[in-house]
Amino acid sequence: QIVNYIPIKIMENKFKCKEKSKRIQIFNITVKGNSEQDSIFKRFDNGAWNKNLSDVLKKDGIDFIESNNITVKRNDYKDISKKIKEKILGQTEDGTSDLNVLPKADRKEKSIVWNITGGQRSTVFAIQKFIIHQGRRQDHIIYLEGNSNNIVCLTLKKNKEFEYDLLEDKYWDSNNFKLDLSTVFQLAGFEIANYNDIINYSELDKSCKSKETQEYELCKKFYKYYKNINSEIGKYFRNNFPLLNKNIDKKSIGDFWDGLKKNDKNNEFSNDDKSILKDLKGESQKKFGYILEYMTLASMVETIKCNPKLLNYTVGIYHSVRLNRSEEFFEESNTTQLCEFDVVLLTKSGQVVIFECKSGTMKSDVGKARKYTAYAAAGVYGKPILITPLLKDDRKFINENIFRKKQKERNQNEADKLGKYDDDVLQAVRAAARANMEIWGLDEIDEKLLKLYNEVLKLGENADE
């Protein structure tokens, strides 16, 4: 529903600025097949999707009149054309107009913006036919192009053909409202269980001294060395962080810290830092997983803040976001909890990128589940990515020697090098690959983020061309 919500908010702000006394009127076209009318086995609960949108719009103070809903049969071109004509013009087969909700005086003069993003082809054809037959040259058909964030606009011309235009502004840059993470997930039928506790790290105030921000600042220092292949401290971290998942007692933390201090020539890591590490998410927790999450956050924040275009495009970066299903739509489930996302990035275009940070094992079915939950919670704009503690060169080496070469094709040096990697990390990479998840090395987050949004923001070398 995010692709419906954004155009509505753009229109609302346009009317607020130019015609304060007028309100936009929303017609919601819902397509249903025979098997989807009342069956519990329907593929999508269209009623629930509509309610998600109406609940959010009402929260924003926008009227969403249920009688404006137009329910049509799937792939029935004639039914779609008939229902649109009834609702917009009041032209029913028996001559009555009780179905009409658009005032008679407005039927010809009012402009209608038809949002066909994600729509069925039969519905799009019916809309085009309606516009042509009624000669509605004041109407606009719009489509939100997700990869480039452009708005494509179709307008009827005198020759009864449609002219295609690409609007100058990106759809996220043509509005003056700010998306909220809670709103984006509510549109998909989910709520953030820990909403009051999550921190937007892209707007983190350095004066904030909470337990979580102290953990973040420590891991930020870890990351500075971890990504540096020429640093002795970095090498120590890469070799010893995985052990913090296997041995989680106080002695292990002490031994780790003693080894760190031998390499800490500038005395950058203090006893206070040691206490923060010891208490990281609780004394009995595996530490490396949380360290990896915080290092991921540190890399993203650094990348975004160093690029003004990307910073302007980003709504927020969030850690440990727990989602619950809306209970009303999942009555037959024993639990409302869906999952917890390690790191979530939200852009002004409504795209949610979900990062799964795995320092230990992950089975392939978990990877597949992450792809499903990303789609369920964030729609077609949702994108799940695995962050591995491997550095870029190691990730490429593993990709070449595990996924592209058979065991008998490896030479002894390659086999010996593979044997030095942590088994749990390799298992997670294999599982993500089987689930067709994108995999990023920890030190390539910056270049991957820029590449991810290059088409939208023109961040590459040819940005000015």
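1. Some ground rules. This is a predicted model, where local features need pLDDT of at least 70 and side-chain atom pairs count only at pLDDT 80 or more, while totals for chains, interfaces and linings use all residues. Residues are numbered from 1 along each chain as its sequence is written, and side-chain values use heavy atoms, with hydrogens and water left out.

2. The overall layout: the chain has 18 helices and twelve strands (DSSP runs numbered from the N terminus, with helices being H or I of at least four residues and strands E of at least two). Of its 465 residues, 49% count as buried (buried is under 20% relative accessible area, exposed over 50%, partly exposed in between, with a 1.4 Å probe and protein chains only). Take the contacts between residues at least 6 apart in sequence, and 67% of them join residues at least 24 apart (contact means heavy atoms within 4.5 Å).

3. Back to that second largest pocket: its volume is about 520 Å³. Among its 16 lining residues, Arg-238, Asn-239, Asp-394, Lys-420 and Tyr-421 are the closest to the centre. Helix H7 (residues 232-240) gives the most to the lining, with three residues. A pocket here is an open set of points on a 1 Å grid over the protein atoms alone, where a 1.4 Å probe fits, with protein on both sides within 12 Å along at least five of seven lines; lining residues have an atom within 4 Å of a point. Points are joined across faces, edges and corners, and the volume is the space filled by probe spheres set on them.

4. Of its 52 residues, Phe-222, Phe-237, Phe-241, Ile-291 and Met-295 touch the most other members. Helix H11 (residues 287-305) gives the most to this core, with ten residues. Another core, of 36 residues, lies apart from it and includes Ile-2, Ile-10, Ile-26 and Ile-142.

5. Thr-388, in strand S11 (residues 383-388), counts as buried because its relative accessibility is 1%. Thr-388 and Leu-442 are 54 residues apart in sequence, yet 6.1 Å apart in space, C-alpha to C-alpha.

6. What about the start of the chain? Gln-1 lies in the segment before helix H1 (2-18) and is buried, with a relative accessible area of 17%. Not counting residues up to four places away in sequence, Gln-1 touches Trp-49, Asn-50, Leu-53 and Leu-187.

7. Most residues other than glycine have a negative phi. Lys-160, though not a glycine, has a positive phi of about 65°; Lys-160 sits in the loop between strand S5 (150-156) and strand S6 (162-166) and is exposed at 55% relative accessibility. Asn-267 has a positive phi near 55°, lies in the loop between helix H9 (250-263) and helix H10 (271-278), and counts as exposed at 56% relative accessibility.

Notes:
A nonpolar core is a set of buried Ala, Val, Leu, Ile, Met, Phe, Trp, Tyr and Cys residues joined through side-chain atoms within 4.5 Å.
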